[in-house]
Amino acid sequence: MNKVIIIFLCFFGLFTASSCKKQLDTTPFNSVTDASAFETADRCLLSLNGVYDAAQSGAYTDGSFRGYPFGAANIEQGDCRGEDMLNVQAFFQVTYQATYNATTANNVAMWNTLYALINKANVAIDGFRKAGGKNVLTSAVALQYEAECRFLRAMAHHELLLHYARPYMDGNGTQLGVPWRDFPINSSDAVNLIRATPRATVATIYNNILTDLDFVETNLTAVPASFVSPATKNVRVTRGAAVALKMRIKLHKGDWAGVITEGNKLIPATITPLPWTAPVCPIGSWSLTANPDGPFADNASVESMFSIRNDPLDAPNVNGVLPKMYGGAGFGARGLVSVSPVIWNNAGWLCTDKRRTSLVAATTNASGNQSQFSTKYRKYTTSDDFAPQIRYAEVLLTQAEAEARNAAAVSTRAVDLLNIVRNRSLANPAVEQYTAGGFATKNALIAAILLERRIEFLAEGKRWGDISRNAVDPNFTTGGIPAKAVNGTDGLANFVCGAGYTPGQAAIPYSDFRFLWPIPATEVVQNPIVVQNPGY
Amino acid sequence: MQMRKLIVSLTAMFFLVLNAAAQDRTISGVVTNEKNLPLAGVSVGTPDGKNGTQTDNDGKYSLKISATARVLIFSYVNYQSATLAVGKLLNLSVSLQPADTKMEEVVVVGYGTQQKKAFTGSSSKVDAKQFANLVSPSIDRQLAGRAAGVQVTNAGGLINAPARIRIRGTNSISQNNDPLIVVDGTPIISGNLAATTNSNTLGDINPSDIENIEVLKDGSATAIYGSRAAGGVILITTKKGTKGKSKITYDAFVGYSGALKRFDLLNAADFITIANEKLRNAGLAARANTNPSAGSFDTDWQGMVMNKNATVMNHTISLQGGGDKTTYYFSLNYSDQKGIIISNYNKAYRVRMNIEHEANKFFKIGNNTSISRQEDGDQNNGSNALGGSIASALRLLPNVSPYAATASGWNINYPANGNMQPGANSQSVDDNFSNVAFTLRYNKNYSDKYRLINNTFMELTPVKGLKFRTQLGVDMLNDYSYQGLTPLHGDGFGTAAGGTNGSLFNSDQTWLRFVVSNYINYNLTLARKHNFFLTAGHELQKETYKFLSASATNISDLFYIKENLISGAGSIQTVGGNYDKNSLESLFGRFNYDFKNKYFLQATVRRDGQSALAPGKKYGVFPGISVGWRPSQEKFWKNSPVLSKGINEFKIKASYAKVGNTLGGYPYLSTFGSANYGNIGGIAPNLVGNPLLQWETNAKYDVGVDMQLFNGRMTLTADWFKNDINNIVLRVPTPPSAGVPGNAISQNIGSMENKGIELSLGFNVMNKKDFSWDVNFNYSNVQNKVTKLYNVGGVPVPFIDGSYNIIKVGEPINIIYGYEYAGVNSANGNPMYYKADGSLIQMNLNAGGVIGGYYYALSKSDPILGVRTTLSTDDRKKLGSGIPVWFGALTNTFRYKGFEFEFMLRYSGGNKIMNITSQEALFNQSFQNNGKEILTRWTKPGDITSVPKLFFGAGNAISLNQNANSRFVEKGDYLRLQNVVFSYTLDSKRIEEKTRGIVKTVRFFTQGQNLYVWTKYKGADPDNISAAGLDAAVSPQLRTISMGISLGF
């Protein structure tokens, strides 16, 4: 037996010598560990870009990239909740007809990707603060990166409020908002910290958003030098964009004076609607392009204050990307969302308006029938239309509305601001432009501004925001989810300029539970402190 | 392992021959088997061992024996020895009968073999001969029904999709559930791995090269594989050469496949009626056949997509033999099988060379090599993809022709748009489903795979009973895939102005696995009654994975859509890549002890280290133990005429082991992955890891009996088993508002159990000289139950939600969970449901209420809409279990002279199927075709039907798409005529005479596979289900008829 054991040991030893514990000590080759993500200045910048990426392309419920939340989806959902764009087939039908429930993929994806963006921003903010503390980043750069993240965090929380909460003006922010997140959640322990945090009130969220945006305004330069080359000023956050977003937030709050204060930082005191002269923003030189088509012909136009970048090699897939969804089938796109006769036939939209021709075209839709399609997104092959979030035109129209509402009578400043946007699209501004005298009341002016927003921002997803914030405004409410053209309506016979249109799909009153989206079932189940919206 | 025995007896024989003493006379004769076929290699000798020989290939022997010899002993492995008196005979022929005690067989176990009588674990041997010639690209698709406890599902008729194998139930929720597959001692890469096609990595093993398949099921048998044994282990042993004259075999078959059952769709006339009725009910104008002058067609879209007679052929030539020291087995195989979807095919080219050399009694060396190439063709199989082969075929308009007067001759609209032309309708098919007849012919999904499986071993036998074996296994698999999508139509549609405009994609992935094993087997018998058997060793496995892909869209010319991505062919180019590496290092040991072949004890342990786990958590120990007792060897049994006559062999065994289920990736690490912002480089969190993660553990219990009755004519095996599965890794959801990547952090937290019984019965009903009848039957019943999930806020979650299924404590995994359909309101055609509180509600499709709104109803014929309500997720209930509970098979084999007739019936049931195909496709409410069942829709008050009023555009709402709905939940029970094989073996004597000894055996066979299914399930096939019991537009099953010949030279 001894001999056996000796032989065994020799033999065994010979072949096991090759093995050692090292074999088991491998680490991933395709991901860096969280411990090293903020180790160098270069990686910090990569991590910042990763936060923007979360804004461009969060994971849909099936894991695919459909441009949630801001790469395409906020625009598509914002439009399909409204009446001015029309869902052609089944794609956005659930949103269009408000038949969502707590597991509907689009609504779930919006919630999930917005919070994924918020958490990535919070993780990055934490990383940048530590990197700044260790001199990996200079304190100026650390603050700049943090500011950019806080802008995205603010914008994401506001998008959540738009869909999952009643507007601020319903009860001055006392309604139930959404949970506010401002610390990194990167472990089970951190997850447990949020389980005690209920939905904050709408007012709390607005206050937090404004605090974030004040920080952004303070810590960003007009256009940081690093945004010039390579040119990223349109797709990264600048001080101008921060102030513009503040205007939007205050508009939703009904804080007209606040909007005006912010707007005056971005709009010159003198504006010249006729002869039309492009106003230039004192912060960052943002301006209007000469033609309404300008911001869409050129992703990097002077008007595009903040867009989410899409690229031929990194765009949402065919189930989300804007040019495929909004582009007509005749242009090689999918023709799934057309312009609705509701807005097209609106008598307030002049038949000669350039936006009817340079930004809309008739072609076939997904059903093979003719319809009117927005041509704002036109990279039908390469899909690299940026997703516009803030245009200088919005700054002007927001300021116009605030001025109009804040004034006791018809505000000429408001009329000028309205005209500066509208006149560039008119065939004959000298004749067709608005005049202060043309408005019998201040409300008539406000109505014109609101209509102008529908026309100017058609197919930019802004419609729902306006419906939501005005829902409790006795003068300008749509009453809830407005009546819409019947899903799938097509045929050019339906599109007649100025003819008016009687929509076939009934309105849903503001009081109806469907005015709000359901909180995803997964949230309510996992985190019962987040209560479901009533009715779901 | 019969081979080894044979070798031993042959060696013994040579020894005898050498020692032959002086002879007195010569006796000769022929030895045949029970079918009167000659048996070669039978040992013939005298009891004293002084004289001996063996029979030649014709079964003939000739032996000189001394005058004093009284008897001759004829012995042959697996046959009963015969001892015959010689008398004064010069000629003595005998027919040997198969050994009646199956207990003498050996069982292939991990790192060795054991005698079946001493085996205390639970395993099933699958005789590879049973299906070596059946039409199948790989063996997994033929395993169904072959072994108790092994549930095999062929979910659909795609020939290159691997079967789903579950040994003793579903053993994990989130991790791998597939068994470990070990070929000749090397754990091989398995799964569905190609990038652009389904691909079956088991297809690299030629079924006719397989000698034996042993399925290890219980803990004690699998424990030697430690952390990979939770899903069971399948050990495949390939053929080895045998000493003696070489033997050449040529097997060939040809056959045809067609769909066992196609979908029953509307014809053109019915489509027009239904489509316009949908529209009319929604207040819309007719769209179908509004322009009859455009021509009337009645297109069978399934016929455009499916082959009626998909051909298959297979040729194998093998050579085996060996000399004194070296044995070899060599085979070449070519197989070409077409699927029923016209673009679906598999071609395989497989070569095997197994060689063993015994240099001397101390040293043996050998090598098993398999080199294979598989080509797979496939298509878009998306269950609701616009280019999905079945998804489209079910929806395309039957009154529209696939052809049109276009440049291509096909009904497409290039370059204007990606739609089809509407034909006589005012619009083309909704949702832009593609002309799939065109795309299946012009798009290409192809994979080319090369595989080398090689293992080299050396065995040293320094002293009797002790064997050292060292083995180096290599498994190298390369998949080179291509996808070309034409710009003319379908998924790649576009022009230079817009759209994808053609898409080319290539990927190259290589897996390389090394397995180095060193182990000893040591056998010791003391005092003729204490038998010890020890196995111990070390194993290291390393695997690397490399991936590279490239794609181009917006291609410059149609010319490039042919075979491969060509540089510069497309203006939008992307590349992708990945690399991964993992390893497993193990020590293992097994100790067997038996006393007098009556009492058995086995203890096994394996310690595995895995690279996927956190430092300090990498190692786990997996022990197993089993005991056995053969009362039939006890005196009381042998002395009892009742017991010993009735039951020749009786063994009771029990086992327990704790095995594991490995994890993939690096789930313990929190990582940042690539996250480019509009193609500006970026990184972002992609995983929040859990450093505490460990293996899932699976405690397997088994109690069983092995019996032989009626002189061995009947064998019966019965097992009760239970798998207690703990530490199940669940992706414990984090609230989405936490924003954690994937909204989950994995934890070892769940528990589940599988328990059940297995019965196997083999019965030789009749065994006459010319006629025999064998029956084999097996039955399994596996009850799965989830016993623990995670907590939320300290409170156990009632269930894990999903869209059609939930995972709920106390229920089997993935029960189908959804809304309970109450039928159709006969007054107004509204679909009706029950809310959780039992109240009856209807979804309104009529004027006077909100279309799609839910209202209470007093009865199923109540014309009035009650109070408005909702149907919410809380109204869902259990609609059935998605996994079959009982299954098995019955095989009858009849032999008459050279004829053999076998049929196999397979059954399965106890499950429910959620028929998504029906829900989403066959009952859609879009401008698309439907299944014939829709003709029974409600049309007027008083109609009693289960199909609601048609309503254009309300399909999602009417059928509750994306949710389980009891309207579409059906029983999955079935009985299937799986195989019928008829063969005729010619009289080999006459063949040899006629061919002057060139041809030795000739066998003709004809066989039918999957000939019929008895089921109430209305979908294409009750086997077309996912692991969760969902049937979503899967290709119908194949029915195959084939015939072939087997020649021996």
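**Notes from the chat**

Q: Where does B:Thr32 sit in chain B?
A: B:Thr32 belongs to strand E1 of chain B, which covers residues 25–32. Keep in mind that this is a predicted model.

Q: Is B:Thr32 buried or exposed?
A: B:Thr32 is buried, because its relative accessibility is 13% and the cut-off for buried is under 20%.

Q: What does B:Thr32 touch, leaving out residues up to four places away in sequence?
A: B:Thr32 touches B:Leu37, B:Pro38 and B:Leu39, and also B:Val94, B:Ser95 and B:Leu96.

Q: OK, the chain as a whole. How many helices and strands in chain B?
A: Chain B has 11 helices and 56 strands.

Q: And what box do the C-alpha atoms of chain B fill?
A: Along the principal axes, the box is roughly 110 × 70 × 65 Å.

Q: What share of chain B counts as buried?
A: Of its 1049 residues, 59% are buried.

Q: And the contacts in chain B, what share is between residues 24 or more positions apart?
A: Such pairs make up 69% of the contacts with a separation of 6 or more.

Q: Switching to sheets. What is the strand order in the open sheet of five strands?
A: The order is E10-E15-E16-E13-E14 in chain B, and the pairing is mixed. Strand E10 (123–127) and strand E14 (186–187) are the edge strands, each pairing on one side only.

Q: How many bridges between E13 and E16?
A: Four bridges join strand E13 (residues 180–183) to strand E16 (residues 233–238) in chain B, and the two run parallel. Within that pairing, B:Val183 has B:Ile236 of E16(B) as its bridge partner.

Q: Cavities next. How many are there of 30 Å³ or more?
A: The structure has 16 of them. The volume of the largest cavity is about 270 Å³.

Q: Which residues are closest to the centre of the largest cavity?
A: Of the 19 lining residues, the closest are B:Arg141, B:Gln142, B:Asn154, B:Gln1009 and B:Leu1038. Strand E53 (974–985), strand E54 (1001–1015) and strand E56 (1038–1048) of chain B are the elements that give two or more residues to this lining.

Q: What is the lining of the largest cavity like by class?
A: Five nonpolar, 11 polar and three charged residues.

Q: And the second largest cavity, how much space?
A: About 190 Å³. It has 19 lining residues, and the closest to the centre are A:Leu162, A:Arg248, A:Gly461, A:Lys462 and A:Gly465.

Q: Last one: where is B:Asn267?
A: B:Asn267 lies in the loop between strand E17 (244–259) and helix H3 (268–281) of chain B. With a relative accessible area of 29%, B:Asn267 is partly exposed.

Q: What is B:Asn267 in contact with, apart from neighbours within four places in sequence?
A: B:Asp298 and B:Pro398.

Q: And how far apart are B:Asn267 and B:Tyr599?
A: B:Asn267 and B:Tyr599 are 69 Å apart, C-alpha to C-alpha, and 332 residues apart in sequence.

Conventions. Residues are numbered from 1 along each chain as its sequence is written. Chains are lettered from A and ligands numbered from 1 in the order in which they are written. This is a predicted model: local features need pLDDT of at least 70, side-chain atom pairs count only at pLDDT 80 or more; totals for chains, interfaces and linings use all residues. Side-chain values use heavy atoms; hydrogens and water are left out. Buried means under 20% relative accessible area, exposed over 50%, partly exposed in between (1.4 Å probe, protein chains only). Contact means heavy atoms within 4.5 Å. On a 1 Å grid over the protein atoms alone, a cavity is a set of points where a 1.4 Å probe fits but cannot get out, and a pocket is an open set with protein on both sides within 12 Å along at least five of seven lines; lining residues have an atom within 4 Å of a point. Grid points are joined across faces, edges and corners, and a volume is the space filled by probe spheres set on the points. Ala, Val, Leu, Ile, Met, Phe, Trp, Tyr, Cys and Pro count as nonpolar, Asp, Glu, Lys and Arg as charged, and the others, Gly among them, as polar. Two strands pair if DSSP finds at least two bridges between them.
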